[in-house]
Amino acid sequence: MKAKQAFFDFLKYVVLLIGSFVVFFPLYSVFVGAFKTRQEFYTNRLSLPSTWNFENFQIAWEKGDLALGLGNTLFILVVAIVGNVLIGSMSAYALGRFDFKGRNLIIGSYLVAAVIPLITTQVVTYSVIKALGLYNTYGAPIALYLGADVIQLTIYLQFIRNIPYELDEAAMMEGASLFKIFRSVIFPLLGPATATVVILKFITIYNDFYVPYLYMPDRGLRTVATAIQSFVGPNAAHMEVISAYILLIFVPTIAMFLFMQRFIFSGVTSGAVKS
């Protein structure tokens, strides 16, 4: 029995080591590649740099117009995330707090939309964006990112259903309207859900290449994801500069996660209702 348990423990650690290698090896490859010259990158790709070259970061910042890309990305992120939080939380409040005809149909529609491959709707989506005059403007990605998806709706619904309805009744007795109940009672208690949605949306939008590439081809509208094309030539790519660029744009993602993750696990109604 002890031998069997020891075997399973050994197997468990082997699987964990393999999993850790799969996760961290690409990060290691990008990190060491960012400090190498082009020749060294292709001759000694996985070894540590013989001399730590920081010129790649300067090239990545200047040639990649990283300041411009960060500014454009930040503007799209702020507008899209604020809209997502408002639309997602309000939709979840209506679906989670009120019983009305067609509620299950609306929730089912979100689920159906989630399983439809995006590629099958891109021709229609592109035509709509062009017809609205949003092509090659900030409005195109913002409009596409703005809608509440099934993931954020599910997150908000789970939190709203755990908020005691007695809070709503107490506010109604004070003469509060439904909008004021949502603004003053419900939304402040959705902090952990909002933090989760912000992190998920931030990573999704920040890393998205397809939407900005298709709907904002103008050079002045490039984002941090599309600016990486600056280092891809007709015959080869400057992989050492791309590695440095990836490290630079990786910093905001880590900073956002470290700042927001402390809100995720906080209690949603701790002390809200006293017995």
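Contact here means heavy atoms within 4.5 Å. Keep that in mind for the whole talk. What we have is a predicted model, where local features need pLDDT of at least 70, side-chain atom pairs count only at pLDDT 80 or more, and totals for chains, interfaces and linings use all residues. Residues are numbered from 1 along each chain as its sequence is written, and side-chain values use heavy atoms, with hydrogens and water left out.

Contacts, then. Take those in the protein with a separation of 6 or more: 72% of them join residues 24 or more positions apart.

Next, the overall build. The protein has 13 helices and zero strands. Both are DSSP runs, numbered from the N terminus: helices are H or I with at least four residues, strands are E with at least two. The radius of gyration, taken over C-alpha atoms, is 24 Å, well over the 19 Å that the globule rule gives for 275 residues, so the protein is more spread out than a compact globule. That rule is 2.2 Å times the number of residues to the power 0.38. Along its principal axes, the C-alpha trace spans about 75 × 70 × 35 Å.

Domains. There is domain 1 (2–53) and domain 2 (79–232), with bounds from an automatic or database domain assignment. Their C-alpha centres lie 37 Å apart.

Now, burial. Buried means under 20% relative accessible area, exposed over 50%, partly exposed in between, with a 1.4 Å probe and protein chains only. Of the 275 residues, 34% count as buried.

Which residues touch the most other members of the largest nonpolar core? They are Ile81, Tyr156, Ile186, Leu190, Ile205 and Tyr245, out of 51 residues. A nonpolar core is a set of buried Ala, Val, Leu, Ile, Met, Phe, Trp, Tyr and Cys residues joined through side-chain atoms within 4.5 Å. Helix α4 (residues 66–97) gives the most to this core: nine residues.

Look at Tyr245. Setting aside neighbours within four places in sequence, Tyr245 contacts Ala60, Leu66, Thr223, Val224, Ala227, Ile228 and Phe231.

Ile205 takes us to helix α11, where this residue is among the buried ones. Helix α11 covers residues 191–207. Twelve of its 17 residues are buried, so to speak mostly covered. From first C-alpha to last, α11 reaches 24 Å, close to the 24 Å expected at 1.5 Å a residue; that expected span is 1.5 Å times one less than the number of residues.

Last stop, Tyr13. Tyr13 sits in helix α1 (residues 2–34). Buried or exposed? Tyr13 is exposed, at 52% relative accessible area. Tyr13 and Phe75 are 62 residues apart in sequence and 44 Å apart in space, C-alpha to C-alpha.
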